[in-house]
Amino acid sequence: MKLTGAQILIKMIKAEGVDTIFGYPGGAVIDIYDALAKQEGLKHILVRHEQGAVHAADGYARANKSVGVALVTSGPGATNTVTGIASAHCDSIPLVVFTGQVPTGLIGNDAFQEVDIVGITRPCTKHNYLVKSVEKLAFTIKEAFYLARSGRPGPVLVDLPKDIVQTVVEFEEPGEISLKSYKPTYKPNKKQLNKVTDLIQKAERPVIFAGGGVILSQASKELTRLAKMANIPVTGSLMGLGAFPGSDPLWLGMLGMHGTYRANMSIGHCDLMIAAGVRFDDRVTGNIKKFAPGATIVQIDIDPTSIHKNIEVQIPIVGDCKAALKEIIHLMEEKNPAGLTEKRQEWLARIREWQSAVPLKFEQSYDVIKPQYVIEKLYELTEGKAIITTEVGQNQMWAAQYYHFDEPNHFITSGGLGVMGFGLPAAIGAKAACPDKMVVDIAGDGSIQMNIQELMTAVESKIDVKIVILNNRYLGMVRQWQELFYDKVYSSTNMENAPDFVKLAEAYGATGLRCTKPDQVSRVLAKGLDTKGTVVMDFTVEREESVYPMVPAGGSITEMLLV
Amino acid sequence: MMKTNSYLLSILVDDEPGVLSRIAGLFSGRGFNIDSLSVASTAEPNVSRITMVTKCEPQIIEQIKKQLHKLINVITVNDLTDKKYVQRQLALIKVNAQPDKKAEILRIVDIFRCKIVDVGLAHYTIEVSGDMEKHRAIISLLKPMGIIEIASTGAIALARENGK
């Protein structure tokens, strides 16, 4: 069968089970777009900025538990993907990004719209390729998908010179991928796992700390089972929210800089920490010298570089979270230790004390809307079942604190890189993957303006996303730091000069709703969620509300600012 | 300040464009140091060997080795530091050779079993092959004569058989 490089590309993407890709055309990829128009089965969603394509592919990958795909042109199209790629790299999200490139003969000549995107993205991709011959195209694409989804997942970039996608070649089905230099360890060492079960039996104050790795390896069921059978309370990183049911009594809430008091205190006082799929980010650990000082730490991670990187651990386990947790459960069942439930009562009682001493709280006044209140109402109205994406800053932290996730793959946020402008395109991607789900972007007035153009994508593609703007007319998180640590010098964080988001929504053909009074919040939310199509809900909230509790940067996580 | 040690790593990589820049980028991006680097193909097709000397604190070397291994094009990372190995590096040293110093230079060349590879009216260029110790020693002896310039390779090394 004779095919062009462009046709091979489409064929290989389909073979990976991807049904929707996100992209933006240009000169170097015009042949691919021509081939896209002449095929069926692979849907293309036209974004309005290439950054949006990568974030949308990210949202798609997370909601769909599969690989997300973006397609952009060379030069500026390619450079516009870098933020999205770096975000996916930090959060270990499987993406394959296809960039156009000038024809092979022009590479290195500073041609029009030429950029060395392979060089630029080398440190922020799991791997990347410049395809130099059409014979290698099919195999390279297959390998790119394999690398993106296997081991510790991540973004892979494939740079496609224009002449390669134009060339006609006899298509040959690529063989199995076998890389001598890349063999992720899935199966954990059993000896180490045996030590874990012993530790669980002996521990008086154990805690499980779940991260994004649990969600990526689809190990939530196993994690929940282990926590319940051994009666161990569970906390999570931002990326780990949803790995354990947020409404379960054993759930401690999020850990870290804006974690709950009880989660941070539990880590400060535990004697055993089972860390699964986490990398001990500084936002979680605070001062590492004072992080879990009395604990034996077990760390399960598929990536050996995550182990001993920031934190010394006593029991490192390299392997897949799901496989490791399954095996620990199996060993626990074999040993069938008695009395674990009774043994933990004192510890759990102490945690309950911390919870009642310092719960997450806010006071909703009569006249001004509290941002937390909006999220609390959103949680009630969606019965906790919506897929929530966020932007970055206060909106993200309040979403993490006040929307309780019972299921994995329902909280989609740019965790590691912290990209403002992530939430709207990610919501579009998530909705494209799960059309039957309610998808809500919780945004700030600053962040939403960073990729506001994607409203047009949502409207045009009839992808119903709901956007909740917590509008305080500040860059709230930076303002909060300025208030606390910079003598209230609100340098460049005042955003009073903002567009009218209702009119802006209408200009894009979406529905815009405004809410300024606390007693209207439920009504506006209900109306927005019920309205067909893309809806922007603009909530005028308390201008100087701050996210609490808070650990000042570099402080111990048990020393929190509470109000 | 933790004590830093010198480590000798022997790394097999896919012989593909960009591999060296992936490795160099890893070091610069994470703040690791490269003291010396030497790259060439091996007997196996499409496989190159990189021999690298890096100075760092003991716990950092573990991270360096793991990060290197994580690169898709890196096949194996062998830390030779605490193993038995043979190590060589090659240097060309151009040294002032005034008439009254020529005999002494030749004596040094003889003692160190080096070779004179270029001779001028007032200089010798000496080829030195050996481990880093030998290089340091001969350079310190030649310094008083006036070293004009030096070109040196990075270290190369292989583990000794039965050298575990």
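Domain bounds, as I use them here, come from an automatic or database domain assignment. For chain B that assignment gives domain 1 (5-79) and domain 2 (85-159).

Before going further, I note that this is a predicted model, where local features need pLDDT of at least 70, side-chain atom pairs count only at pLDDT 80 or more, and totals for chains, interfaces and linings use all residues. Residues are numbered from 1 along each chain as its sequence is written, while chains are lettered from A and ligands numbered from 1 in the order in which they are written.

**Chain B, overall**

I looked up the secondary structure, taking helices (H or I, at least four residues) and strands (E, at least two) as DSSP runs numbered from the N terminus. Chain B has four helices and nine strands, and from the N terminus they come as β-α-β-β-α-β-β-α-β-β-α-β-β. Its C-alpha atoms fill a box of roughly 55 × 45 × 35 Å along the principal axes.

I call a residue buried if 20 or more other C-beta atoms lie within 10 Å of its own, exposed at 12 or fewer, and partly exposed in between, with C-beta atoms placed from the backbone. By that count, 23% of the 164 residues of chain B are buried.

For contacts I use C-beta atoms, placed from the backbone, within 7 Å. Among contacts in chain B with a separation of 6 or more, 75% are between residues 24 or more positions apart.

**Domain 1 against domain 2**

I find 28 Å between the centres of the two domains of chain B, taken over C-alpha atoms. Eight residues of domain 1 contact seven residues of domain 2. On the domain 1 side, strand E1 (5-14), strand E2 (36-41) and strand E3 (47-56) of chain B each give two or more residues. The largest share, three residues, is from E2(B).

I sorted that side by class: Ala, Val, Leu, Ile, Met, Phe, Trp, Tyr, Cys and Pro are nonpolar, Asp, Glu, Lys and Arg charged, and the others, Gly among them, polar. The domain 1 side has three nonpolar, five polar and no charged residues.

**Chain B against chain A**

Here 15 residues of chain B are in contact with 12 residues of chain A. Helix H1 (19-30), helix H2 (58-70) and strand E4 (74-79) of chain B each supply at least two residues to the chain B side. H2(B) gives the most, with five residues. By class I get three nonpolar, seven polar and five charged residues.

**A sheet in chain A**

I count strands as paired if DSSP finds at least two bridges between them. Six strands of chain A form an open parallel sheet, ordered E16-E15-E17-E18-E20-E19. Strand E16 (411-412) and strand E19 (511-515) of chain A are at the edges with a single partner strand each, so one side of each has no neighbour in the sheet. Two bridges join strand E15 (residues 387-390) of chain A to E16(A), and A:Thr389 has A:Ile412 as its bridge partner.

Helix H18 (residues 394-402) of chain A packs on the sheet, touching E15, strand E17 (439-444) and strand E18 (466-471) of chain A, at about 135° to E17(A). Helix H19 (residues 423-433) of chain A lies across E15, E16, E17 and E18 of chain A, at about 175° to E17(A). These angles run from 0 to 180 degrees between N-to-C directions, with axes fitted to C-alpha atoms, for helices over the stretch in contact.

Technical notes. Contact = placed C-beta atoms within 7 Å.
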